[in-house]
Structure formats: C-alpha cells, structure tokens
Amino acid sequence: MKLGVTKLSSSVRLALSLGAVLAVGATSNAVFAQDTGSQPASTTQSPSDKKTSDLQTVVVTGSLIRRVDLETASPVVTIDRAQIQATGKATLGDLIQQLPTMTGGNVNPQTNNGGGTGASSINLRGLGSQRTLILVNGQRLLSGDPNAIPADAIERIDVLTVGASSVYGSDAIGGAVNFILRKDYQGATFTTNVGESDHDDGDTSGYTFTFGQTGDKGSIMAGVNYQKTDGIEAGARNFSKNALSLISTGHVIVGGSSSTPVGHIQIPGDNGDGTFAPGSLAAQFGCGTISLNSGGNATVPTAANYHCYGNADKYNYATVNLIETPQERTGAFLNGDYNLTDHVSAYMDATYQKTSSNFQLAPGVYGTDTSGATLDAHNAFNVFAPGTAYNASTGYGFRTRTTGLGNRYAFSGREDAQINTGLKGDFNIADNNWQWNVGVNYGHESVTTTTEGLINANDLYTGPSVLNADGTATCPTGISAVACQFNPFAINSPGSLAAEKAASAVATSNAYSQEKVWHADVNGELFSLPAGAVQLAVGAQYRTDHETVNPDTELLLNPNTGTCALGSQCVAGLSGGYNVKEVYSEAFIPVLADLPFVKSLNVDIGDRYSRFSSFGSTNNFKFQVEWKPFDDLLLRGTMADVFRAPTIGELYSSGSDAPYLTSDPCNGYTGQANLAAACQYVPTNGTFVNKSVTSATQISTITEGAAVAGFPIKPETGKSFDLGLVYSPSWAEGLSTTVDFWHIYLDNTISSIGAQAVLNLCAGGQTVYCQYIKRIASGPNAGQIGLGFIEPTGNLGSLATGGIDWSARYKLPQYSFGKFTVGVDATYLNYFNQQAGGTTYKDAGQLLAYGSSAQAACPTNAGICLFPRWRASGFVQWQLGNWEAEWRPRYIGTYSLQDSYGGVQGPLFHEGSTLYHDFSFGYNLEVINSRIDFGVNNAFDKQPPILYANNTLNANTDPSDFDLIGRYYWARFTVKF
C-alpha cells in the first residue's frame with residue numbers, strides 16, 4: 001500500500017497555508033463528557049469549561065471516593081478522545097510515551113533488540129514499567145500493555161502522577177494510567193486510516209467499526225478493529241545502517257561484533273601480555289587472534305590464508321535489524337450495563353486483541369563463549385592447535401557467524417483478553433445514599449513465539465575426524481557425510497554451508513499468564529459536618545496470578561552454561577504463581593468551608609492492608625489535603641506509602657543474556673586478598689586483561705529469578721510526596737495553570753543485577769554476589785569470563801527522585817477568524833539518584849551507557865536509560881466552523897553521556913536538545929455526516945541523535961525517546977450512521 005506522498009504533502013501544505021495547527025496537549029485534572037456518537041470529536045476542554053460540566057458524582061482516578069469536584073488532591077493528567085484521534089498514532093503506547101512525565105526508557109515498536117513483541121511499556125517518573133500500574137475502568141490490566149487496548153474503545157486516559165498503593169495496591173509507585181472506556185454511545189461509526197513515511201516505507205492501514213445503543217434500561221457499545229504496520233530495516237536510514245562505535249574522541253569505526261563470518265580465532269603462543277612464545281603460531285603472525293582471508297585455504301594456517309584480527313573484521317550486524325517492527329492487530333471491545341431494577345444493574349466491559357509481530361536480527365552467532373561450541377582436539381579442521389580442544393572452559397576459543405543461514409527471526413503471536421463484570425447498585429441509610437459494586441476482573445494472555453534462522457549445535461559434527469589431502473574430512477562410522485564437513489573456521493565454505501542448512505531449526509515456545517480479581521466495594525455518606533458530608537469507601541479484593549512458560553526443547557536453557565541447542569534466545573521453563581488478599585478504606589472529611597481565606601479545607605485519608613502468599617503482609621497509608629483559600633486557587637498535598645511485590649518472573653524466570661562489560665576489577669590482578677573471590681582463576685602476575693572489555697564484545701550470562709538463584713528477596717517499600725496548586729483566575733477566563741513539586745523514594749529496589757554490577761559488588765566486599773561469577777579455570781583464557789555467569793534478581797539498593805511538573809492552558813476569547821486554545825506541559829527532573837552496593841549514581845541529565853555500572857542498576861527494563869532534565873510538550877489549537885487544525889511541538893532537553901569503549905573511559909559528551917513538530921488538519925463534512933483528518937508527524941524530519949552502538953542496543957540511538965522513522969504522513973476518514 002502506498003499512500004501517495006505527493007498528494008498528501010500538497011494537502012498538508014494547504015492546511016498550513018490556512019495557518020491552522022493544533023497538537024495533542026495533556027490537560028490536567030480533567031474529566032470529560034462522554035461522546036454520544038452524534039457529534040464530531042470535541043476539542044480540548046479547558047479548566048474553566050469544567051465549571052459548567054455535568055456535576056454528577058464520579059470516582060476520580062487516584063481515589064475510591066465519589067466526588068463532584070473535578071480538581072482534587074491527586075494530580076491527574078487527562079488525554080481525551082479528541083486528543084487521541086488528533087495524533088494519528090497507530091497505538092495508545094505511542095501516544096502516552098510522549099508525555100513529559102515519561103522518562104528513563106521504554107519499549108515500543110521501534111525497539112527491535114529487546115522488543116518485537118508488539119508491546120509498548122509505560123514508564124512514569126523513570127521508575128520502570130513494572131512500577132506503573134495499568135488500569136481499564138479502574139481495574140488491573142493483566143498485560144500492562146496499552147497496545148492491547150483498542151484505541152477506538154477509549155473515552156479518555158487518566159494518568160495519575162503520584163504513588164497510589166493505598167488505592168490500587170502493588171505496582172502503583174510511579175502512579176497509574178487508567179483507560180476509561182466509552183459508554184452511552186448511540187449510533188454507528190466506521191473509520192479507516194492510512195499512513196506512510198517520507199521514505200515510502202512503514203506503511204500503516206486499518207479500520208474500526210463501532211456501534212452502540214442507549215435506552216432507559218441501559219446501554220451497550222461494541223466494536224471491532226484492525227491495524228497493520230509494515231516493518232522498516234535499519235539499512236533504510238543513514239543513521240542506523242551501520243553499527244557505529246566511538247573508540248576515541250572523533251574516531252568512529254563501522255562494524256560492531258567480533259562474531260564474524262571470517263572468524264575470531266585464538267591461536268597458540270599468545271602470552272596474554274603482548275609477547276609471544278618463540279616459534280609459535282602467534283609469533284609467526286605477530287598476534288594471538290586471526291581471521292580468514294577472502295579466498296584463503298582454511299586448512300593451512302599461513303599468512304597467505306589468515307591475517308591478524310582487527311576492527312575492520314568486525315561484523316556490521318546493524319543493517320538488517322529493524323527500526324520499526326511489523327505489527328498486525330485484530331481486536332474487539334464491549335462496554336455495557338443493564339438495569340435489572342431501579343437500584344441494581346449488571347455491567348460488563350471487555351477487550352480482546354490478537355497481535356502478530358516479529359523482530360529481526362543478523363545471522364546467528366556460533367562460538368565457544370557465545371553458544372557453548374566445541375571443537376575436538378583431533379578434529380580434522382583443528383589445524384591451529386592440534387591435540388588441544390577448543391571449548392569454553394579450557395584451551396582456546398573462537399567466534400563466528402552463520403551468515404549462510406540468513407537472518408534470525410522471532411515471530412510472536414499474542415492474544416490478550418480482559419473482562420470485568422459484576423453487579424452494582426445503590427441503597428439509602430438515613431437519607432444518605434450508598435453505592436456498591438461486586439464483580440470479578442479476569443485477564444488472560446497467551447504468547448506463541450516461533451524462532452527461525454537458528455542452528456542446532458547438536459546436529460553439527462565437531463568431534464574427531466581425519467583431514468584428507470583435498471581439504472575434506474573423513475569421520476567415524478555413523479556420522480553423516482554432510483555433517484562431517486562442517487568447519488567452524490570456514491563458516492561459508494560449501495561443506496560448512498551444507499552442514500549448517502542440514503542443522504537449521506525452527507523452534508516454537510508458548511507462554512501463558514492469567515489473573516483473577518474478585519472485588520467488593522461500597523461507598524457513601526456517613527454523616528454531615530458544618531463544612532459538608534463525611535464520605536467513606538471500603539472494599540476487599542482477592543487476587544490470583546499465575547504464569548507458565550513452555551519453551552521448545554531446543555531452546556531450553558542449560559542452567560550450567562546458559563546455552564541451549566539453538567544457541568540463543570534460550571529460556572527456562574516456568575510455572576508459578578501467588579495470591580493476595582486485601583482490604584482497604586478511604587475517608588473524605590470536609591474540615592472547614594466558607595470562611596475568610598478558607599473557601600474549603602478537606603482531608604482525604606486512605607489505608608490498604610495486603611497479604612501476599614509469596615512474602616507476607618504490608619500496610620500502606622495515604623494522607624491528602626485540599627485547601628481553597630478562594631475560588632480561583634486550590635492548594636494540594638499528598639503523602640502516600642508505596643510498595644511493590646516481586647512478580648512471578650522476578651521470582652522464578654531464567655533466560656540467556658548477552659551484556660557488555662565496561663570494566664573488570666581483576667584487570668592487573670596481583671593476588672590482593674580482598675579481590676580473591678572476585679578474581680578466582682585470574683593469573684596473579686599482573687598481566688590479566690579482560691578480553692571482552694578491551695574488545696567491547698558481549699559476554700554470555702544467565703538471568704535468574706530470585707527463587708531460582710537462591711537470592712533472598714523482599715518487597716520494595718517507600719513514600720511518594722506531592723505538593724502543588726491549581727490556579728484558574730477569574731480575571732482571565734479560560735486560563736488555568738498547575739504546578740506540582742514531587743518526590744519519591746524507594747528502598748529494597750528489585751532488579752536483575754547485571755554482570756557489571758555483580759563483578760563490582762563482589763569486588764567491593766559484598767561476597768553474596770561472588771558465587772554468581774564464572775571464570776575459565778585454566779589454559780590461555782584462564783580468568784576470562786566463562787559460560788554460566790549468573791545475573792540474579794534481588795534487592796539492589798534504594799532510589800530517590802524528584803522534580804517539578806507544570807502545565808498551563810488558555811482558551812482565548814472567540815474571534816471572527818476562529819477559536820484558539822494554547823497550552824504546555826513540562827517536567828523538570830531535579831534529581832534521580834540510585835544507590836546500589838554502596839555506590840550512588842546521579843542519573844538526572846544523563847544517558848547511561850549500555851553495560852555501564854549505572855545502567856546495570858537502572859530501574860527500567862527497556863535496555864536504555866535516558867534522563868534529560870527537561871521534557872515538555874505544547875499545543876496550539878484553532879477551530880472555525882467545521883475546520884480544525886493543530887500544531888504540537890515536543891521537546892527533549894539536553895543531557896550528558898560518558899562514553900566507554902574497550903574498558904577505557906571516554907570523553908564526556910553534552911548532547912543537545914531535540915524538538916519535534918507534528919501537524920494535523922480536519923474538516924467535518926456535515927452533508928454526509930463524515931469527517932476527514934490528515935497530518936504529518938515529525939514534519940521537519942528531525943533525525944535522532946547518534947549515541948553509538950557501544951552505548952545502546954538499537955540503531956545507534958534511543959528508540960524509546962526519539963523518532964527513528966522520520967517524517968510521517970497519515971490520513972483518516974470517518975463516517976457516522
């Protein structure tokens with residue numbers, strides 16, 4: 001599908017010539033009227049408009065109390081339906097990740113290495129998506145993935161930016177994101193959309209059909225949706241087509257991996273200190289590691305056939321990676337209620353989404369320290385060290401890449417289903433109305449992953465054989481003639497290619513998750529005070545969570561080596577779960593009202609008791625104050641306990657990993673007693689240098705949950721604070737602004753403790769980590785990192801972060817040339833301090849280089865950690881009759897990067913700010929009851945900053961914060977029946 005860039009560009013230029021642009025701005029503390037389906041999408045609602053909204057009581061996100069007040073002690077950023085539609089974003093995750101309160105790294109469809117599942121994460125305050133709770137109509141969403149929710153089902157999105165464990169329980173440390181489904185819908189709507197980048201790729205197309213009926217007995221709204229987005233290879237953009245590594249100031253090399261098809265082969269005679277044994281092969285070449293020449297005879301180790309391995313031999317894996325992973329989604333949604341009596345109704349809301357996606361990586365790696373490969377001491381092709389085996393434990397090592405098999409793929413088929421149903425009603429006690437709700441919330445997710453492009457090492461013959469005069473091998477009886485000719489030092493020779501293709505494999509694995517929540521709630525008025533009615537909400541929940549992972553046998557992780565038969569993406573089987581019983585309450589107390597300088601003074605107190613089968617009990621409390629000195633000003637404050645229980649994965653999962661190391665405390669080791677445990681098997685003559693560090697190559701490790709690793713773990717606990725104001729001056733109708741000062745601290749942070757952190761912690765005296773370090777025991781690689789190195793999950797340390805949120809909205813008076821609304825949302829990150837193993841990392845204003853100690857402690861689970869001081873988004877809206885237009889700028893502030901390559905601390909770079917501009921234009925075709933919208937995102941084709949492959953995992957940059965696709969055009973047509 002091609003959108004027709006020329007025509008769309010012309011349309012956009014026409015829109016711009018009218019001077020009309022509006023962007024999505026996130027309004028603060030707003031609740032919007034439901035769309036009845038009989039009117040065009042509403043524009044952004046200013047706080048002054050809220051004063052004339054329907055003042056029926058509602059439960060505001062962040063509270064259990066029903067209120068008529070729309071501005072409360074809880075800071076809530078709201079994105080309404082019109083704002084969602086104005087962006088042209090294919091997924092809700094793409095939209096939410098652009099909020100200034102999101103920082104520290106996220107997974108999204110631009111994430112190939114570490115993503116590719118179709119999911120997007122939400123990371124409030126940089127605390128990691130595991131510390132942001134995702135809700136649908138106030139109930140937990142099992143997947144935690146906003147992309148699993150059909151966008152057309154959403155009425156608005158409430159983003160609570162303060163800790164809410166007393167209201168929602170575990171995980172709501174950074175806050176909560178609540179997706180409110182549409183209701184009271186009347187009629188039917190069909191929408192179709194298309195999109196394409198300025199490079200004629202990344203095509204998107206889809207449709208949604210929504211219908212509903214509302215009557216005296218209740219209402220129902222349902223719909224189906226389909227969306228497809230094509231993938232984009234990194235080779236299609238200049239910034240990402242090469243793996244770029246910065247090795248010194250201004251010196252950049254192309255190519256990123258020592259697992260190269262020309263081989264990275266250790267040879268005898270290298271003393272490890274820059275000298276070579278006289279007469280040895282290493283002395284002959286003048287180096288200890290060699291690669292095959294083009295057209296060279298792999299069975300004759302001479303300078304005519306081999307050369308010393310260098311940076312030019314590194315394999316450029318980047319070109320075939322993806323900067324946009326392909327996605328295909330089909331879904332359905334339902335939201336309805338039915339009045340059984342005047343005081344009892346049944347309700348149900350449900351969403352279903354089927355997602356197909358995949359990631360794509362360069363051809364697979366094969367080697368002694370990457371996949372556990374071996375080569376027998378008497379193999380015919382072992383011509384460098386006859387009589388000495390190549391393996392990961394002793395002897396020599398090699399790395400290569402199976403380019404003859406083509407790229408690696410992992411195809412993910414995912415189904416997400418969520419249903420929340422029950423009964424609700426009301427009753428009176430002494431003229432006070434009380435409302436109740438009893439229901440069950442059930443979520444189910446199943447993922448089937450099919451992996452292609454891998455090789456089954458068990459089907460490659462590397463045992464004893466005899467070299468023939470013609471360069472072929474003769475193997476023992478019972479070994480196939482094809483398998484016998486496999487030569488890992490000539491991976492692309494005809495014999496090796498035939499053996500690899502015979503050993504190629506496709507593996508399928510399955511994962512299942514299930515969550516059930518039974519809940520009962522009641523709320524109403526207790527009694528009246530002079531300042532108003534005291535209200536109470538109480539409730540109870542019982543929740544069970546269970547997860548099962550069934551990997552293909554050939555992907556089953558070997559717990560001793562961290563490898564599997566297929567060499568990569570290894571996973572351990574898992575079956576585990578837990579349950580939690582909770583009771584909770586919240587009271588709203590109006591203390592004073594209608595006094596001088598006290599228009600109102602309210603207190604909100606909440607408490608939640610939780611008992612987990614996995615670790616025990618916890619109690620979490622909140623205290624909130626709202627003070628209005630006069631009508632125009634609200635002062636608010638929140639102090640709340642927060643906690644997070646370890647997840648099933650953090651307790652029981654295991655898998656393979658391939659991190660970088662930026663240093664080794666054992667470099668130059670001379671036998672110091674305090675380093676003995678960290679430096680087991682390391683030579684004590686001071687010559688040791690970690691080869692993975694100096695060559696900036698990945699090591700192979702095993703990630704293990706706390707229960708699997710035998711590591712003690714307890715829940716995270718902490719506090720969240722917010723002090724702010726909402727000012728809507730009566731002297732400037734349509735103007736409103738909010739300012740919030742926030743602070744969060746967290747103890748016993750749960751994290752997968754990266755290899756770099758394990759080494760540093762052990763060397764620093766925390767001997768509990770030393771048991772997880774694995775080094776080669778003997779031979780020329782003695783002391784180097786070996787297979788079986790474990791990255792355990794545990795309580796790493798503590799975290800403290802704080803900053804300022806500011807937003808402003810101004811709806812200008814109506815002019816003859818249209819109505820204008822302008823606004824801005826901004827977050828300033830004052831500090832983000834992590835304490836891990838006695839070391840404090842100050843991350844605010846920093847990009848944490850991948851593999852560094854600071855990044856290893858980073859709370860996010862996205863593989864990238866960027867914490868700019870400033871983030872902001874703004875909007876200008878224009879509307880005149882049936883015409884609408886938008887402009888939305890988005891700002892990411894400056895930050896610093898301490899580059900590292902080969903164990904050498906590089907220069908400190910100060911990266912500049914990034915500013916994106918999105919435009920859109922819409923017109924209501926009233927005659928045919930339709931609407932057309934089109935727009936351009938990243939209108940000025942702003943390229944992402946180059947952060948280099950030795951600091952990031954994807955495309956030399958940060959795919960969670962910056963736009964990788966470039967200028968992107970989209971259009972949408974909607975018709976209502």
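Me: What makes C287 and C308 a disulfide?

Reply: Their sulfur atoms are 2.0 Å apart. A disulfide is a pair of cysteine sulfur atoms within 2.5 Å, so C287 and C308 qualify. This is a predicted model, where local features need pLDDT of at least 70, side-chain atom pairs count only at pLDDT 80 or more, and totals for chains, interfaces and linings use all residues. Residues are numbered from 1 along each chain as its sequence is written, and side-chain values use heavy atoms, with hydrogens and water left out.

Me: Why is the disulfide of C287 and C308 called left-handed?

Reply: The torsion about its S-S bond is about -95°, so the disulfide is left-handed.

Me: Which parts does the C287 and C308 pair tie together?

Reply: C287 lies in the loop between α6 (281–285) and β17 (289–292). C308 is in strand β18 (residues 306–308). The pair therefore ties together parts that are 21 residues apart in sequence. Helices (H or I, at least four residues) and strands (E, at least two) are DSSP runs, numbered from the N terminus.

Me: How do you know whether C287 is buried or exposed?

Reply: Buried means under 20% relative accessible area, exposed over 50%, and partly exposed in between (1.4 Å probe, protein chains only). C287 has 12% relative accessibility, so C287 counts as buried. C308 has 30%, so C308 is partly exposed.

Me: What makes C475 and C484 a disulfide, and why is it given its handedness?

Reply: The S to S distance is 1.9 Å, within the disulfide limit. The torsion is about 95°, so this disulfide is right-handed. C475, at 17%, counts as buried. C484, at 5%, is buried too.

Me: How do you know the handedness of the C858 and C865 disulfide?

Reply: The sulfur atoms of C858 and C865 are 1.9 Å apart. The torsion about their S-S bond is about -115°, so the disulfide is left-handed. C858 is buried at 4%, and C865 counts as buried at 1%.

Me: How many disulfides are there by this rule, and what is the pairing?

Reply: The count comes to 6 disulfides. With the bonded cysteines of the protein chain numbered in sequence order, the pairing is 1-2, 3-4, 5-6, 7-8, 9-10, 11-12.

Me: What makes a set of residues a nonpolar core?

Reply: A nonpolar core is a set of buried Ala, Val, Leu, Ile, Met, Phe, Trp, Tyr and Cys residues joined through side-chain atoms within 4.5 Å. The largest one has 47 residues, and I753 and Y769 touch the most other members. The largest share of this core, 7 residues, comes from α12. A second, separate core of 28 residues includes L281, L292, F384 and A499. In soluble globular proteins, nonpolar side chains tend to be buried together.

Me: Which residues does Y769 touch?

Reply: Beyond residues up to four places away in sequence, Y769 touches F711, I753, V758, L761, C762, N795 and L796.

How values were computed: Contact means heavy atoms within 4.5 Å.
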